[in-house]
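Hi,

Here is the structure I promised to pass on to you. My notes on what I found in it follow just below.

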Amino acid sequence: MKSNIKDFPMLVGQDGSQDGQRWILRKVLILGRGEDCDVIIPNQQVSRHHAILKLTPQGVLLEDLGSKNGTHCNGEQVIEPRIMKEEDVIQIALAQKFILVSSDATIPLTEKDKILDILSLEEVIPRLRIDERSRRVWVRGNEVIPSLSLLQFNLLNALYQQEGRVASRSEVITSVWGEDGAIGVTEQALDALVRRLRDRLAEFDSKHEYIITIRGHGIRLEI
């Protein structure tokens with residue numbers, strides 16, 4: 001029998017870069033800075049693989065993965081794996097807090113939550129995820145296949161690393177083509193690449209505009 005999504009607990013981001021984001025814990029969630037983590041926290045205080053949550057017959061098990069700056073639960077440092085209770089608060093270094101709730105729990109809504117709350121829980125997943133090492137990309141949980149071209153991936157990754165900041169066109173060209181390869185690359189070539197990348201992303205999510213052009217300033221990724 002297929003499990004209902006409400007059978008699983010949910011991790012909700014509070015404050016930090018993941019404020020308002022939600023993850024359903026079906027089995028395991030790895031939290032950390034690495035691109036291969038399930039919950040990515042882009043902060044240098046966070047270890048590459050920082051902590052792990054496991055769904056066990058006894059409940060949700062929280063374990064620190066030998067992180068440099070520590071994992072805390074309700075203000076107490078997690079030295080040994082511990083079983084969590086609903087509404088326990090997890091602190092990852094000084095970078096990010098999460099709260100553990102049941103999937104159908106009523107929780108206070110942030111401004112981001114008010115937007116997310118109109119979506120079904122199946123849809124409340126990160127819009128965009130990138131694994132830089134394998135050059136894989138997921139949009140709304142679906143892997144982009146066929147894979148992006150090298151230049152398309154370089155463009156997307158360059159904007160992704162900016163965390164919402166507007167990057168100048170010259171900065172983007174250098175990031176995509178490299179310092180040597182950028183010589184002679186025109187803005188028209190960049191515009192064509194942006195259009196192709198927009199089209200690829202729209203194949204998986206046509207309702208959201210990911211790449212925003214700020215006239216006179218540059219380009220920004222909207223996640």
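Ala182 is buried, at 13% relative accessible area (buried means under 20% relative accessible area, exposed over 50%, partly exposed in between, with a 1.4 Å probe and protein chains only). Its place is in the loop between H3 and H4. Helices (H or I, at least four residues) and strands (E, at least two) are DSSP runs, numbered from the N terminus. Leaving aside neighbours within four places in sequence, Ala182 is in contact with Ile173, Thr174 and Trp177, where contact means heavy atoms within 4.5 Å. The C-alpha atoms of Ala182 and Ser170 are separated by 8.8 Å, and the two residues are twelve apart along the chain.

Before you go further, please keep in mind that this is a predicted model, in which local features need pLDDT of at least 70, side-chain atom pairs count only at pLDDT 80 or more, and totals for chains, interfaces and linings use all residues. Residues are numbered from 1 along each chain as its sequence is written, and side-chain values use heavy atoms, with hydrogens and water left out.

As for the overall picture, the protein has four helices and 16 strands. Of its 223 residues, 43% count as buried. Among contacts between residues at least 6 apart in sequence, 46% join residues at least 24 apart.

Now the helices around that loop. The axes of H3 (residues 169–181) and H4 (residues 187–202) come within 11 Å and cross at roughly 70 degrees. Axes here are lines fitted to C-alpha atoms, for helices over the stretch in contact, and angles run from 0 to 180 degrees between N-to-C directions. H3 and H4 are therefore roughly perpendicular to each other (angles under 35 degrees count as roughly parallel, over 145 as roughly antiparallel, 65 to 115 as roughly perpendicular and the rest as oblique). On the H3 side, Arg169, Val172, Ile173, Val176 and Trp177 meet Glu187, Ala189, Leu190, Asp191 and Leu193 of H4. The residues of this contact divide into seven nonpolar, no polar and three charged. For these classes, Ala, Val, Leu, Ile, Met, Phe, Trp, Tyr, Cys and Pro count as nonpolar, Asp, Glu, Lys and Arg as charged, and the others, Gly among them, as polar.

H4 also packs against H2, at an angle of about 85 degrees and with the axes 10 Å apart. That makes H2 roughly perpendicular to H4. Leu151, Gln152, Leu155 and Leu156 of H2 make this contact with Leu193, Val194, Arg196, Leu197, Arg200 and Leu201 of H4. By class, there are seven nonpolar, one polar and two charged residues in it.

H2 is mostly covered, with nine of its eleven residues buried. Gln152 in helix H2 counts as buried at 8% relative accessibility. Not counting residues up to four places away in sequence, Gln152 touches Leu193, Arg196, Leu197 and Arg200.

What sits in the interior? The largest nonpolar core has 27 residues, and those with the most contacts inside it are Leu128, Val137, Leu155, Leu156, Leu159, Ile211 and Leu221. A nonpolar core is a set of buried Ala, Val, Leu, Ile, Met, Phe, Trp, Tyr and Cys residues joined through side-chain atoms within 4.5 Å. Strands S12 (128–131), S13 (136–139) and S16 (218–221) and helices H2 (150–160), H3 and H4 are the elements that give two or more residues to this core. Leaving aside neighbours within four places in sequence, Leu159 is in contact with Ala167, Val172, Ile211, Ile219 and Leu221. A second, separate core of 20 residues includes Trp23, Leu31, Val78 and Ile90.

Lastly, the sheets. Six strands form an open sheet in the order S2-S1-S11-S10-S7-S8, with antiparallel pairing (two strands pair if DSSP finds at least two bridges between them). S2 (22–24) and S8 (76–77) stand at the edges with a single partner strand each, so one side of each is left without a neighbour in the sheet. Six bridges join S1 (residues 9–14) to S11 (residues 96–102), and Val12 has Ile99 in S11 as its bridge partner.

Another open sheet, of five strands with mixed pairing, has the order S4-S3-S5-S6-S9. Two bridges join S3 (residues 28–32) to S4, and these strands run parallel. Gly32 stands opposite Ile40 in S4.

Best wishes
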